[in-house]
Structure formats: structure tokens, C-alpha cells
Amino acid sequence: MRVAVDQERCCGTGNCVMIAPEVFDQRDSDGVVVLRQPQPPPAHTAQARRAAANCPCAAIKVDED
Amino acid sequence: MSRTDNRVSDAQSVPLTYQRAPDCPFDPAPEIVRRRAEDPIARFLLPSGDSAWLVTRHADVRAVLSDPRFSSVPPPDSLLRPPDPDGPADAPPIPPGMFVGMDPPGHTRLRRMVTGEFTVKRMDRLRPRIEHIVAEHLDAMARAGGPVDLMKVFALPIPSLVICELLGVPYRDRDDFQRRSRMAVEVDVRHEDGMANFMEMHEYMAGLVAAQRADPGDDLLGMLVREHGDDITDEELIGLTNMLLSAGHETTANVLAIGTLLLIRHPDQAAVIRERPEVVEHAVEEMLRYLSVVPSTLVRTALADVTIDGTTIPAGEHVMVSLQSANRDGARYPDADRFDLAHDPELHVAFGHGIHHCLGRPLARMELQVAFPALLRRFPTLRLAVPFEDIQFRPNAAAYSLESLPVTW
Ligand code: HEM
Ligand code: HEM
Ligand code: SF4
């Protein structure tokens with residue numbers, strides 16, 4: 001799985017961090033999403049998928065490969 | 001559920017989005033349920049005499065809230081009240097700083113400045129303070145002995161103190177602070193009283209901002225002044241502060257109160273929350289879905305003709321989304337009208353959706369995840385001190401709320 005984030009679209013809700021803290025983080029200065037794992041290991045792919053679905057700003061893309 | 005007398009208010013003055021079922025104060029009004037089945041995007045009449053579109057299905061509500069062609073800038077005249085011949089011709093425009101009523105790029109600029117203070121990490125650091133505030137209030141309840149009004153001794157003070165903590169409001173000012181914030185979101189307030197309250201609040205916040213400009217502290221206002229002091233005006237700081245208070249106080253308070261009432265009515269679910277800490281996170285989300293304490297978002301206005309699911313909303317017309325109806329949409333949530341911890345409440349819209357999605361969600365959810373299990377464990381025999389039928393609900397500007405919640409144990 002490949003994950004990508006769009007920092008322009010992100011509105012800093014932290015939903016992704018609450019759901020998948022191993023995959024996503026937030027910048028301290030403005031709360032904008034930071035990707036910790038562009039290719040999450042199998043243990044974290046389910047959460048990454050949920051995080052993408054739960055992003056209110058459609059700022060997370062997940063490509064299954 | 002049996003017939004009750006929990007009158008919400010007379011239907012004439014309460015916009016459809018706020019109305020609830022006559023026989024169950026937790027459920028949406030029958031007219032909303034009918035619309036979701038038959039007329040999911042259709043006009044309705046507001047107390048002002050204007051008409052707006054009401055959107056009731058989960059998928060459509062999310063489509064509206066994530067579409068940049070809908071503006072959040074409020075219309076110049078209130079849609080929620082009948083025209084007031086004695087009032088000013090035009091309502092004042094949205095004050096500076098209150099980005100809930102702004103569109104990009106102004107919205108983006110302000111929201112980004114303050115979001116650093118609301119990250120999940122920052123909220124985690126507040127957790128011990130929240131646990132402390134909750135424990136103090138439970139101790140005070142235990143000392144006082146039942147019956148008590150849970151609204152007054154628990155639900156209202158906790159979120160208010162958490163926001164005071166966040167903003168750095170001195171303790172001596174906190175009682176006045178709470179009174180003003182409650183009045184600010186009431187529907188049934190005379191225009192003069194509302195304005196007087198608003199001015200008082202504004203003056204208080206101006207003082208707080210001036211103090212932080214002179215000597216920035218470690219709390220939210222101090223950080224904003226230190227990191228963005230040259231980019232943000234005093235008026236914006238005041239508006240922002242007012243917004244955080246009005247957005248975070250009554251909302252969280254009523255989830256605490258109405259949520260407690262819900263758990264008292266569902267002792268089996270309460271027992272699960274009390275005994276299994278690992279389900280609390282999920283339980284709070286199901287509760288937020290089921291209760292939908294914020295019944296709709298701010299009104300939106302179409303900036304262009306927009307077609308949603310086959311219906312075209314013409315440019316210039318107003319749109320309201322029913323978050324409550326979306327959260328009870330059977331197409332998304334099977335068995336949606338039941339509160340059940342076995343449900344999957346994923347993608348509920350209790351915090352809205354799109355760029356105005358609640359900024360305070362990480363804070364609200366922490367308060368709720370701390371408060372409910374602590375309350376249930378301290379008072380395992382918690383129950384109503386009056387018949388359920390006597391609990392008075394009232395619709396509010398921002399949140400569905402309780403007049404009082406008499407409990408004992
Ligand atoms: C359980 C409690 C809460 C609920 C149900 C709730 C619900 C909502 C909803 C539905 C919106 C979207 C409004 C719209 O789209 O027009 C919103 C926005 C907002 N909320 Fe909350 N909220 C809660 C707690 C809080 C708290 C504790 C704070 C902060 C202290 C807060 C701050 C905000 C702010 C600043 C916005 C505006 C965001 C923007 O326009 O970008 N909320 N909230
Ligand atoms: C700066 C902070 C805010 C101020 C001064 C404010 C003020 C107001 C006022 C005066 C009304 C009544 C409008 C009318 O009569 O037409 C209203 C309505 C409302 N407010 Fe707020 N509000 C603020 C923030 C928020 C936030 C953050 C939320 C999200 C939880 C919210 C949710 C609502 C809702 C749902 C309504 C009713 C629908 C509407 O008029 O669009 N408000 N607000
Ligand atoms: S869920 Fe989306 S909007 Fe929220 S912080 Fe993550 S990427 Fe940003």
C-alpha cells in the first residue's frame with residue numbers, strides 16, 4: 001500500500017492521527033498532516049484506509065498495490 | 001418508547017432542523033424522517049419567512065459540506081428568527097476572527113494559525129488537567145450528596161473550565177464567563193439582552209487579549225501572540241476567543257448531560273462502559289452519532305447552481321444540512337435509531353465535514369472519554385431524581401440542550 005497526503009487540502013482535524021498514529025502525525029506549528037509511513041506495513045494498512053475515509057478534507061490518498 | 005411530555009418548544013418558532021419527535025426527545029422529527037425517505041433535498045420554510053433547502057441524507061450532507069461552491073458566510077438577516085421591526089435593519093456582519101462564518105482564503109489563514117494549539121499531541125498533554133477537573137467535580141458531588149442538578153454541577157462547568165484552561169482565563173473571572181457563554185447561544189433571548197451580553201463578552205475578551213499582548217503566557221492566546229502576533233489583529237484575537245468559547249462550551253456540556261441521560265436509560269450499555277475501558281472510545285463515537293447534539297451546521301449559501309444527487313440548488317439560495325438526520329440514515333447505518341455499542345458509527349457527521357469540520361474534536365472527545373467512565377464508576381447507582389417525562393429539553397442556537405438534569409445515587 002502507498003499513502004500520500006495533500007498538505008494544502010488538510011484542515012488539521014487530527015482524525016487521521018487519532019485513527020492511525022503510526023502512519024500520520026501533525027506539524028506542531030499549524031496542525032497540518034505529516035506522513036510518517038508512506039508504505040505502511042501490513043499491520044497498519046487497515047487503519048490507514050480508515051483514516052483516508054475519515055479525512056473530512058479528502059487530503060489522504062491510498063493506493064493498494 | 002412510551003409517550004412522554006418532553007416538549008421541545010412550540011413548532012411555530014423552532015426551525016425544522018431543530019425539531020424532535022414528539023414521543024422521543026432523542027429522535028428526529030417525523031417530518032425530517034419523511035423527507036429523508038421521500039424528499040431528501042427540498043425547500044422548507046424558516047421562522048424568518050425565507051425558504052431554504054434542507055438536506056437529510058448522509059451521502060448528500062457530506063457532499064454539501066465538502067463542496068467549495070457552498071459558502072459559510074451568514075446571510076445579513078437572521079433566518080432563524082421572525083423579522084424584528086424594532087431591531088436594526090441589518091444584523092452586524094460576522095465579527096473578525098470568527099472563521100466558522102468565513103470562506104477560504106480568510107478561513108484557511110485563521111484556522112491554520114490556531115490549529116497548532118488543537119493537535120492531537122497538544123490535547124494529550126491536557127489530559128491530566130481534564131482528569132483533575134473531572135475528579136474535583138465528582139468529589140464535590142459526593143460531598144453534596146444527591147439529588148443534584150448534573151447540568152449545573154458537572155456538565156456545564158467541566159467544558160467551560162477546560163476552555164478557560166486552554167485560553168488562560170483567570171479563576172476569579174470564570175463564573176461570569178460561564179454565564180455569558182450560556183446566554184450567547186440561546187434562541188429565546190430578546191435582541192437587546194443578546195446584544196448587551198455580546199458587548200460584555202467582547203469587553204472581557206478585549207481585556208484578556210490586551211493582557212496577553214503585554215505579557216504572553218503559555219496558553220493558547222499567549223502562543224498566538226508569540227507566534228503570529230504581527231499577523232493577527234486584536235479584533236481577530238477577540239473574535240477567535242469568543243468563537244472557541246461558544247463552540248466548545250454548550251456543545252460538549254450537552255453531550256455530557258444528554259449522554260448521561262441516555263446511559264441512565266440504557267443501564268446495560270452503561271455497565272459495559274463502566275467495566276471495559278477499551279470500549280470507551282468507540283462508545284463515545286456511537287453516542288455522538290446517536291445524539292447529534294449539534295443538529296445542523298451553520299447555514300450555507302450556494303455561490304453557483306449546484307446539483308446534488310439530481311437536484312439543482314440555484315445560486316444565491318440557502319441550504320441547511322441536518323446532521324442528526326444524516327447520522328440516523330438507515331442507508332448508512334442499519335438499525336440507526338437504536339443506541340447500541342455494537343454499532344459501527346464510522347463516518348458520522350456529529351462534528352460536521354469538509355473544511356469547517358470541528359476544530360475542537362480532539363479536545364471534545366478527550367473530555368467525553370475521561371468524564372463518562374469516571375462518572376459511572378464513582379456513582380454506579382446513578383439514576384434520575386425526577387420522572388423522565390419531567391426532563392425539559394430545549395433547542396438552542398448551536399446545540400440541543402437540557403434545562404436541568406436532576407440525578408441521585
Ligand atoms: C462534542 C462537542 C462538539 C460538537 C458536537 C461540535 C460540533 C461542531 C460542528 C458540527 C461544527 C461544524 C460547523 C459548520 O460546519 O458550520 C463545528 C465547528 C467548530 N468547532 Fe466544534 N463541536 C464540539 C466541540 C468543540 C470544542 C470543544 C471546540 C473548541 C474548544 C470546538 C470548536 C469548533 C470550531 C472552532 C469550529 C469551527 C471550525 C471551522 O469553521 O473551521 N468544538 N463543531
Ligand atoms: C464566533 C463564534 C460564533 C458566534 C458569534 C455565533 C453566533 C451565532 C448566532 C448569533 C447565531 C444565530 C443566527 C441567527 O439567528 O440566524 C448562530 C447560529 C448557529 N451557530 Fe453559531 N456562532 C459561533 C460559532 C459557532 C460554531 C463554532 C458552531 C459549530 C458548532 C456554531 C453553530 C451554530 C449553528 C448550528 C447555528 C444555527 C444555524 C445558523 O444560523 O446557521 N456556531 N450562531
Ligand atoms: S484527517 Fe485529513 S484534514 Fe484531518 S489532519 Fe488528517 S489529513 Fe488533515
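**Close-up 1. The surroundings of ligand 2.** In this predicted model, ligand 2 is surrounded by 17 residues, the closest being B:Y18, B:S78, B:M98, B:S296 and B:V299; a residue counts as near if one of its heavy atoms lies within 4 Å of the molecule. One oxygen atom of ligand 2 is 2.6 Å from a polar backbone atom of B:V299, where a polar contact is a pair of N or O atoms within 3.5 Å. Helix α10(B) gives the largest share of this shell, 3 residues; helices here are DSSP runs (H or I, at least four residues), numbered from the N terminus. By class, the shell holds 12 nonpolar, 4 polar and 1 charged residues (Ala, Val, Leu, Ile, Met, Phe, Trp, Tyr, Cys and Pro count as nonpolar, Asp, Glu, Lys and Arg as charged, and the others, Gly among them, as polar).

**Close-up 2. The surroundings of ligand 1.** Here 28 residues surround ligand 1, and B:H107, B:R111, B:R300, B:H356 and B:C358 are the closest. Let's look at its oxygen atoms. An oxygen atom of ligand 1 is 2.7 Å from a side-chain N or O atom of B:H107, and an oxygen atom is 2.8 Å from one in the side chain of B:R300. A polar backbone atom of B:L298 is 3.1 Å from an oxygen atom of ligand 1. Helices α3 (106-115), α10 and α14 (361-378) of chain B each supply at least two residues of the shell, with α10(B) giving the most, 7 residues. The shell divides into 18 nonpolar, 8 polar and 2 charged residues.

**Close-up 3. Helix α7(B) against α10(B).** Helix α7(B) packs on α10 (residues 234-265) of chain B at about 85°, with the axes 9 Å apart; axes are lines fitted to C-alpha atoms over the stretch in contact, and angles run from 0 to 180 degrees between N-to-C directions. The two are therefore roughly perpendicular (65 to 115 degrees). B:F177, B:Q178, B:S181 and B:R182 of α7(B) touch B:L245, B:H249 and B:E250 of α10(B), with contact meaning heavy atoms within 4.5 Å. These residues comprise 2 nonpolar, 3 polar and 2 charged.

**Close-up 4. Helix α7(B) against α8(B).** Helices α7 (residues 174-184) and α8 (residues 191-214) of chain B meet at about 135°, their axes 10 Å apart. Residues of α7(B) in this contact include B:F177, B:R180 and B:M183, and those of α8(B) include B:N197, B:M201 and B:Y204.

**Notes.** Residues are numbered from 1 along each chain as its sequence is written, and chains are lettered from A and ligands numbered from 1 in the order in which they are written. Local features need pLDDT of at least 70, side-chain atom pairs count only at pLDDT 80 or more, totals for chains, interfaces and linings use all residues, and side-chain values use heavy atoms, leaving out hydrogens and water.

Definitions and conventions: Angles under 35 degrees count as roughly parallel, over 145 as roughly antiparallel, 65 to 115 as roughly perpendicular and the rest as oblique. A polar contact is a pair of N or O atoms within 3.5 Å; within protein, one must be able to donate a hydrogen and the other to accept it, and residues adjacent in sequence count only if both atoms are side-chain atoms.
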